[in-house]
Amino acid sequence: MILVVEGPSAAGKTSYCRRFEARLLVPESAAGGGPGAGASLEEAGAFWTERNAERWQQSCRTEQAADLAVCDTDPLKLHYSWCLARAGLGAPAAFGAQLRHARRAVAERRLGIADLIVCDIPGPAELRRRRDGDATRTRRNFALHARLAEPLREWYAALGALDPGRVRWHFPSEPPEAATRPRYDLDLFDAWMQRLPGPAGEPGAG
């Protein structure tokens, strides 16, 4: 099973992941260079899709070796550009470009939908309290990520409505029971994208 642990900054994703054995963990991608300042939206979409596909393949290798992979944030990572657009902080066209590349990668089985996503989205005051209580991380982009919390809920709520049980809205105290689901189902992927509300309140991402 591929298990994804999601939530906004300071939700406790990394702390929760540490409950599992280190050999099961697929950490969040390390910070690194992007596609370059002069990259087009298509080039940027292709770049991030390849980065995400590499992490998905790492998740698959971990699962093959240990029957379970625990991902600190979703390897699909398509939600980030959508959440930015939904919050009015990014260009809808940037999400559209990445979506085209991501869909192709799903069709090629280089990227997929995790079997189970556990997502915790505390309220703004609780997120600030957790941020202030953690001196080990600076969280420079905390304010930005806090604004993306509600779009993140909308993103996974759309998937959960289509495939009940695939998304759980808390970090379970006991390890979830292992189960696999279709990961490369383009009908589900397309229905998920169609169910999303559009950027800045528009009805449907199309």
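Figure 1. Arg153 and Glu150 form a salt bridge in which the closest N and O atoms are 3.2 Å apart, the term being used for a side-chain nitrogen of Lys or Arg within 4 Å of a carboxyl oxygen of Asp or Glu. The two residues are 3 residues apart in helix 7, and therefore about one helical turn separates them; helices (H or I, at least four residues) and strands (E, at least two) are DSSP runs numbered from the N terminus. Arg153 is partly exposed, with a relative accessible area of 32%, and Glu150 is likewise partly exposed, at 43%, where buried means under 20% relative accessible area, exposed means over 50% and partly exposed lies in between (1.4 Å probe, protein chains only). The model is predicted, so that local features need pLDDT of at least 70 and side-chain atom pairs count only at pLDDT 80 or more, whereas totals for chains, interfaces and linings use all residues. Residues are numbered from 1 along each chain as its sequence is written, and side-chain values use heavy atoms, with hydrogens and water left out.

**Figure 2. The salt bridge between Arg86 and Glu154.** The side chains of Arg86 and Glu154 meet in a salt bridge with an N to O distance of 2.8 Å. Arg86 belongs to helix 3 and Glu154 to helix 7 (residues 149–162), so the pair ties together parts that are 68 residues apart in sequence. Arg86 counts as buried at 17% relative accessibility, while Glu154 is partly exposed, with a relative accessible area of 22%.

Figure 3. A search of the whole structure finds 11 salt bridges. One of them joins Arg110 to Glu50, with the closest N and O atoms 3.1 Å apart. Because Arg110 lies in the loop between helix 4 (92–107) and strand 4 and Glu50 lies in helix 2, this pair ties together parts that are 60 residues apart in sequence.

Figure 4. In an open sheet, 5 strands follow the order 2-3-1-4-5 with parallel pairing, two strands being paired if DSSP finds at least two bridges between them. At the edges stand strand 2 (25–26) and strand 5 (167–168), each of which pairs on one side only. Strand 1 (residues 2–6) pairs in the parallel sense with strand 4 (residues 116–119) over 4 bridges, and Val5 stands opposite Val118 in strand 4. Helix 2 (residues 41–66) packs on the sheet and touches strand 1, strand 2 and strand 3, where contact means heavy atoms within 4.5 Å. The direction of helix 2 makes about 150 degrees with that of strand 3; the axes are lines fitted to C-alpha atoms, for helices over the stretch in contact, and angles run from 0 to 180 degrees between N-to-C directions.

Figure 5. Most residues other than glycine have a negative phi. Thr73, although not a glycine, has a positive phi of about 85 degrees, and this residue lies in the loop between strand 3 (69–72) and helix 3 (79–86). Lys77, in the loop between strand 3 and helix 3, has a positive phi near 55 degrees. Thr73 is buried, with a relative accessible area of 5%, whereas Lys77 is partly exposed, at 24%.
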